Amino acid sequence: MSAAARGNREGRWAWRLTGFVTLCVYIFLFAPIIATVVLSFNASMFGGFPMTGFSLQWYGKLLGNEQVLAAFRTSMWIALVTAVITTAVGVVTAYTLIRFEFRGKQMLNTLVILPALVPETILGVGLLVAIKAVDQPRTSLLLVLGHILLAVPYVVLIAQARMVGIRRVYEEAALSLGASRLASFREITLPLLVPAVVAGALLAFTISFDNTSASLFWRPAGVETMPTQILSMLKISISPEINALGTVMILVTVGIPLIGGLLLQGLTRLRRRGNPEEKT
Amino acid sequence: MTRGWTLYDPRLAWILVAPVLLLLIFFLLLPIAVMAVYTFFTFVTAGVETSALTLANWHEFLTDAYYHGFLIKTLRVGAVTALICGVLGYFPAYFIWATTFKHKWLLLLLLIVPFWISFTIRTFSWIHILGEQGLINVTLLKLGLIDQPMQMLYTEGAVIMGLLHFLLPYMILNVYVSLEGIDRTLIAAARSMGCTSAQAFREVTLPLSLPGLAAGLLLCFVLAAGSYVTPQLLGSGRDALFGNLIYDTIMGQLNWPMGATLSIVLFVVLGCFAALYTRYMGMSQIVKGLGG
């Protein structure tokens with residue numbers, strides 16, 4: 001009895017310790033980010049603490065910074081194109097990998113994940129050396145294709161996870177009722193895949209928008225993406241402008257998926273009734 | 001159905017995967033092959049090399065202690081980061097899994113939010129914590145506990161801190177996915193047979209969550225050892241890692257053959273670790289962690 005009581009007390013302390021470490025880890029994860037957001041409203045000329053007053057001047061300055069705006073536009077475009085193309089080819093690949101049996105499928109399954117496991121520096125150098133070997137210039141197209149390569153594993157994994165839960169009888173029923181291949185995919189499979197499509201597109205967008213190391217190698221001469229622009233600004237000094245820029249970026253990259261997620265939730269709630277969706 | 005083809009015809013499968021397959025071949029496999037060939041090219045002067053085959057690059061790498069130092073430091077930093085991640089990451093993963101808190105999804109969402117925030121911003125934000133005008137120094141100075149700022153930024157510790165910040169969510173999610181896979185009745189069974197909660201954890205939960213922990217360790221190690229931005233922003237020149245060395249060799253010295261050699265070295269070394277690991281853990285764990 002007393003042994004059990006001791007065991008329980010031990011368990012309670014262990015649980016408290018777990019909770020405490022968890023809290024510390026969350027603080028660790030968010031303290032620096034919160035500091036950046038707070039400092040972006042600092043009136044001081046310098047980018048650090050202490051706070052000397054509230055000011056929005058750094059946001060104003062940011063809006064007038066032509067270089068930053070250009071980098072922002074570049075990154076937006078690249079990320080949009082990357083997200084659209086990666087989602088399209090990634091979802092089709094995931095569909096094929098789940099539905100079809102063919103030789104080399106296992107190998108392809110592994111190969112598709114590889115870009116996520118090879119360090120970006122190596123991917124970056126590899127493509128750069130290959131481009132140099134065939135004497136081609138670095139172009140925006142190259143940068144986009146590179147970003148697609150980086151994002152493809154994640155989109156395929158997400159779509160595969162969803163595909164597993166979609167039973168093929170639905171598609172085959174449509175086919176037996178006379179629908180074409182394409183129609184059955186468009187009318188049956190794709191709607192069931194919507195959550196994976198949205199999640200994959202958002203992730204691909206973020207991966208591209210956020211990519212730093214590989215972009216440093218691949219970007220065409222004179223072109224800056226948002227992260228490389230921040231890196232080059234940081235080389236000069238930690239100006240308060242960077243804090244403002246960081247805050248704007250956080251709003252964009254956290255806001256878009258959150259809004260996307262909420263929209264999705266609303267959407268699924270709307271069509272929940274009568275949806276033969278399998279829980280995955 | 002298409003003329004003469006079966007419903008799930010392999011030919012159709014190849015057509016459907018063609019775009020991704022071509023991309024993987026031309027942007028992943030071929031470049032790595034070309035890079036491997038490049039390691040035997042002769043470096044003439046910055047930006048110029050000839051295709052005369054030579055072993056000079058490999059000779060230089062294998063004999064120069066400068067490179068060995070970089071490699072060892074990189075592996076050490078990677079290993080230390082992965083281990084700390086494992087220890088610190090297990091607690092939150094376990095907490096999220098075991099808690100009866102109704103809004104568990106919120107805790108998980110908070111782990112995913114950092115993935116959405118620009119990596120560069122997450123990294124440089126540490127300057128506001130560790131720097132001379134950072135939160136810690138300014139607070140301690142105000143309190144009069146120190147009379148001049150401590151040097152915390154631009155040290156190896158700061159680099160590891162930045163890497164931890166970037167990698168902890170990966171670790172936590174990996175362990176969490178693995179914990180989620182455990183049949184909870186096993187733990188109830190252990191308890192009913194007289195195990196204390198600590199014993200049940202040691203004998204049942206921990207061993208069953210090891211695959212996730214192991215996958216997390218590998219992922220953290222590989223990502224830390226391949227990092228470039230974190231040492232660049234939070235470390236001094238002395239804290240540069242192998243990724244920085246590769247970048248400087250190619251973009252700074254324009255020594256492409258040597259840069260290719262160093263890239264292949266990093267690729268092979270990390271690949272060996274990953275291969276050893278997957279031999280014992282299986283690929284599926286890592287995949288689960290990435291898709292989680």
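The legends below describe close-up views of a predicted model. Local features are given at pLDDT of at least 70 and side-chain atom pairs at pLDDT 80 or more, while totals for chains, interfaces and linings use all residues. Residues are numbered from 1 along each chain as its sequence is written, chains are lettered from A in the order in which they are written, and side-chain values use heavy atoms, without hydrogens and water.

**View 1. Helix α5(A) against helix α1(B).** The axes of α5 (residues 120-133) of chain A and α1 (residues 10-38) of chain B come within 8 Å and cross at roughly 75°. The two helices are therefore roughly perpendicular, a term for angles of 65 to 115 degrees. Axes are lines fitted to C-alpha atoms over the stretch in contact, with angles from 0 to 180 degrees between N-to-C directions. Helices (H or I, at least four residues) and strands (E, at least two) are DSSP runs numbered from the N terminus. Contacting residues (heavy atoms within 4.5 Å) include Leu123(A), Leu127(A) and Ala130(A) from α5(A), and Phe27(B), Pro31(B) and Tyr38(B) from α1(B).

**View 2. Salt bridge between Glu49(B) and Lys132(A).** The side chains pair at 3.6 Å, N to O; a salt bridge is a side-chain nitrogen of Lys or Arg within 4 Å of a carboxyl oxygen of Asp or Glu. The pair crosses between chains, from strand β2 (residues 48-50) of chain B to helix α5 of chain A. Glu49(B) is buried at 16% relative accessibility, and Lys132(A) is partly exposed at 25%. Buried means under 20% relative accessible area, exposed over 50%, and partly exposed in between (1.4 Å probe, protein chains only).

**View 3. Salt bridge between Glu224(A) and Arg219(A).** The closest N and O atoms are 3.1 Å apart. Glu224(A) is partly exposed at 24%, whereas Arg219(A) is buried at 17%. The count over all chains is nine salt bridges.

**View 4. Nonpolar surface patch in chain A.** Trp77(A), Leu80(A), Val81(A), Val84(A) and Ile85(A) together have about 480 Å² of accessible area, computed by the Shrake-Rupley method with a 1.4 Å probe and only the protein chains shown as cover. Patch residues have over 30% relative accessible area and no salt bridge; nonpolar side chains (Val, Leu, Ile, Met, Phe, Trp, Tyr) are joined within 5 Å, like charges within 9 Å. Val81(A) lies in helix α3 (residues 66-99) and is partly exposed at 31%.

**View 5. Positive phi at Asp135(A).** Asp135(A) is not a glycine, yet has a positive phi of about 60°. The residue sits in the loop between α5 and α6 (140-163) of chain A and is exposed at 69% relative accessibility.

Note on methods: Angles under 35 degrees count as roughly parallel, over 145 as roughly antiparallel, 65 to 115 as roughly perpendicular and the rest as oblique.
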